[in-house]
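Welcome! Below is a short tour of one protein model, written for someone meeting it for the first time. Please keep the picture at hand as you read.

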Amino acid sequence: MKGKNSIWRQFPGSFWCANVMEIFERMGWYGFYAVSSLYLTGRIVDGGLGLSSEDRGVIQGLATFFLYLFPAIFGALADRFGFKRMFLASCAVMIPGYLLLGIPDGFWGFLAVYFLVAVGHGMFKPVVISTVAKSTTEKTGSMGFGIFYMMVNIGGFLGPIVAGVVRGWDWQYVFYASAGWLLLMGITAFFFYREPPRDTESESKRTLGDVLRDMMAVVGNGRFFLLVAGLLMLLVMGSKWLEPGIYLPLGGGWIALNLLLDAIIRKTKSKKAAPWFWAPMRVGEGRYLVFLLLMSFFWTSFNQIFMTLPEYIRDYVDTSDLIRSLTPAAVGVAGFFQNLGIDTSDWGRAVLEHGQVKPEHLINLNAFGIIVGQVAIAYLVRKLQPLTTIIVGSFITVVSFLLYLIGQGGWIIVIAILVFSVGEMLASPRSKEYAGRIAPPDKVGMYMGYFYWCVALGNLFGGLLSGVLYQHYGPVARGGTDRPDIMWIIFAGLALISVILLTVYDRWMKRAR
């Protein structure tokens with residue numbers, strides 16, 4: 001016991017303060033994100049915005065895409081101006097953002113405010129991770145990041161519970177709750193946070209231009225970055241404003257144009273230094289970019305638990321079997337509080353909606369499963385290679401999607417979500433470990449700094465695909481074909497493609513060594 005206590009004492013106050021702030025920040029984010037699909041597509045008479053599933057997917061995909069691109073930029077700014085200032089600045093952006101989210105009643109207004117919220121969370125993310133990294137040592141790092149990951153899931157578990165309860169009264173309370181958690185985070189930062197020891201002189205020398213050059217170095221050069229950015233822009237525009245018959249040929253034409261220009265540049269190559277737009281395209285960290293692209297398939301599938309599943313549960317799932325199973329326990333709990341003189345007659349609104357269990361409470365089983373099972377799963381697979389574990393985890397997500405084909409009862413949804421959680425516990429943590437292992441020794445920091453690009457792409461692809469597929473295969477009343485089974489098969493197929501490609505990638509990497 002003494003040895004354990006000595007290790008715990010090695011964590012400074014800044015470490016514990018960062019973990020507390022992480023709980024509040026995750027409660028704020030997931031408090032709304034877990035119910036965002038329901039709010040965006042909910043009926044206006046029920047307090048929702050009444051948007052289409054396609055519009056909902058565009059909003060979720062774009063906002064979260066930029067959220068995971070911002071950390072690299074704001075991390076550099078935090079190095080220059082201080083961690084505490086960046087924490088407080090993120091609060092100054094997020095709190096008004098959540099309070100404003102309840103005002104817009106259309107697509108563009110909500111997207112603009114939600115983008116502001118994403119900026120705030122993007123400001124927070126690199127600083128809290130840097131604090132944990134700088135307040136742990138080689139000896140305490142494994143335990144320190146394990147504690148941090150647990151705090152992430154505790155916040156992700158508690159936030160949706162509160163949101164599910166308060167939205168039974170009014171959707172505005174969801175936004176107030178998220179703003180309230182972030183206010184507590186700001187108070188914690190202002191009064192208790194002390195910056196960990198760091199080399200402020202050398203860190204402050206890394207300018208925003210240095211960050212952008214590093215980002216370009218990972219991709220390749222400006223020409224190749226322009227090609228990729230153009231394709232992503234066409235993808236986003238095509239998801240809402242253009243028909244496939246327009247944006248797909250445009251995408252092919254954009255690729256052909258860049259390849260033709262590349263051929264011309266190479267033939268007319270001059271010895272003089274050419275501007276970036278007249279340089280041949282160059283791919284940067286090739287094997288790392290391939291890994292990030294393959295992992296984006298996993299994150300595309302992963303995000304369906306927050307983007308697509310809430311709508312599916314609301315529109316298709318009959319949770320009466322769950323309600324029957326849990327009624328005795330619920331009656332016992334209510335009776336206990338009634339004996340204490342507490343009125344429980346209105347408690348059902350916190351859990352049920354239209355006689356069914358609220359979707360967010362079922363989805364929250366994902367975070368609960370991770371809190372309960374992550375340590376055990378990590379122990380069981382500790383001797384497996386990281387990429388092998390990632391492949392197994394991705395395959396388990398395939399199985400979880402196929403479980404939705406069995407039926408539309410509450411217990412099936414519970415089992416599918418918990419099975420999915422096992423896949424996430426295998427794939428997500430080890431993917432970060434693998435990214436660090438394949439990095440050249442002198443580029444580990446850069447590789448890890450841009451790992452979240454695959455998460456960003458997964459959010460973008462996941463949001464756009466979720467909206468399009470649910471709009472097409474969802475309820476007839478919302479313009480769909482009422483074939484959600486085909487939708488789940490497509491998502492399972494996408495996850496299976498990632499399994500196959502990761503297996504091929506693994507063999508390629510082994511031959512390259």
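Which side chains meet in a salt bridge at 2.7 Å, N to O? They are those of glutamate 25 and arginine 26. A salt bridge here is a side-chain nitrogen of Lys or Arg within 4 Å of a carboxyl oxygen of Asp or Glu.

A word on the ground rules comes next. This is a predicted model, in which local features need pLDDT of at least 70 and side-chain atom pairs count only at pLDDT 80 or more, while totals for chains, interfaces and linings use all residues. Residues are numbered from 1 along each chain as its sequence is written, and side-chain values use heavy atoms, with hydrogens and water left out.

## Salt bridges

The whole structure holds 12 salt bridges. Helices (H or I, at least four residues) and strands (E, at least two) are DSSP runs, numbered from the N terminus.

| Pair | N to O distance |
|---|---|
| glutamate 25 and arginine 26 | 2.7 Å |
| arginine 167 and glutamate 353 | 3.0 Å |
| aspartate 262 and arginine 223 | 3.5 Å |

In the pair we began with, glutamate 25 counts as buried because its relative accessibility is 1%. Arginine 26 is buried too, with a relative accessible area of 4%.

Arginine 167 and glutamate 353 form a salt bridge. This pair links distant parts of the chain, 186 residues apart: arginine 167 sits in the loop between helix H8 (141-166) and H9, and glutamate 353 in strand S1 (residues 352-353). Arginine 167 has 7% relative accessibility, so it counts as buried, whereas glutamate 353, at 29%, counts as partly exposed.

Aspartate 262 and arginine 223 also meet in a salt bridge. They too link distant parts of the chain, with aspartate 262 in helix H13 (residues 244-267) and arginine 223 in helix H12 (residues 222-240), 39 residues apart. Aspartate 262 is buried at 8% relative accessibility, and arginine 223 is buried at 1%.

Elsewhere, Arg56, Glu311, Arg314 and Asp315 are joined in a network of salt bridges.

Which residues touch the most other members of the largest nonpolar core? Phe32, Tyr114 and Phe291 do, in a core of 130 residues. Helix H7 (residues 107-134) contributes the most to this core, giving 13 residues. A nonpolar core is a set of buried Ala, Val, Leu, Ile, Met, Phe, Trp, Tyr and Cys residues joined through side-chain atoms within 4.5 Å.

Beyond its neighbours within four places in sequence, phenylalanine 32 is in contact (heavy atoms within 4.5 Å) with Tyr39, Tyr98, Leu101, Phe110, Tyr114, Val174, Phe175 and Ser178.

## A patch on the surface

Turn now to the outside. A nonpolar patch on the surface is formed by Leu183, Leu184, Ile187, Phe190, Phe191 and Phe192, which together have about 610 Å² of accessible area. Such patches are made of residues with over 30% relative accessible area and no salt bridge, with like charges joined within 9 Å and nonpolar side chains (Val, Leu, Ile, Met, Phe, Trp, Tyr) within 5 Å. The areas come from the Shrake-Rupley method with a 1.4 Å probe, and for residues only the protein chains shown count as cover.

Isoleucine 187 belongs to helix H9 (residues 172-192). It counts as partly exposed because its relative accessibility is 36%. Phenylalanine 190 is partly exposed as well, at 48%.

Leucine 231 is in helix H12 and is partly exposed, with a relative accessible area of 30%. Leucine 231 and tryptophan 254 are 23 residues apart in sequence, and their C-alpha atoms are 7.6 Å apart in space.

Histidine 354 is not a glycine, yet has a positive phi of about 55°. It lies in the loop between S1 and strand S2 (356-357) and counts as exposed, at 64% relative accessibility. Aspartate 482, also not a glycine, has a positive phi of about 60°. Its place is in the loop between helix H24 (452-473) and helix H25 (484-512), and with a relative accessible area of 37% it is partly exposed.

How values were computed: Buried < 20%, exposed > 50% of the residue type's maximum accessible area, 1.4 Å probe, protein only.
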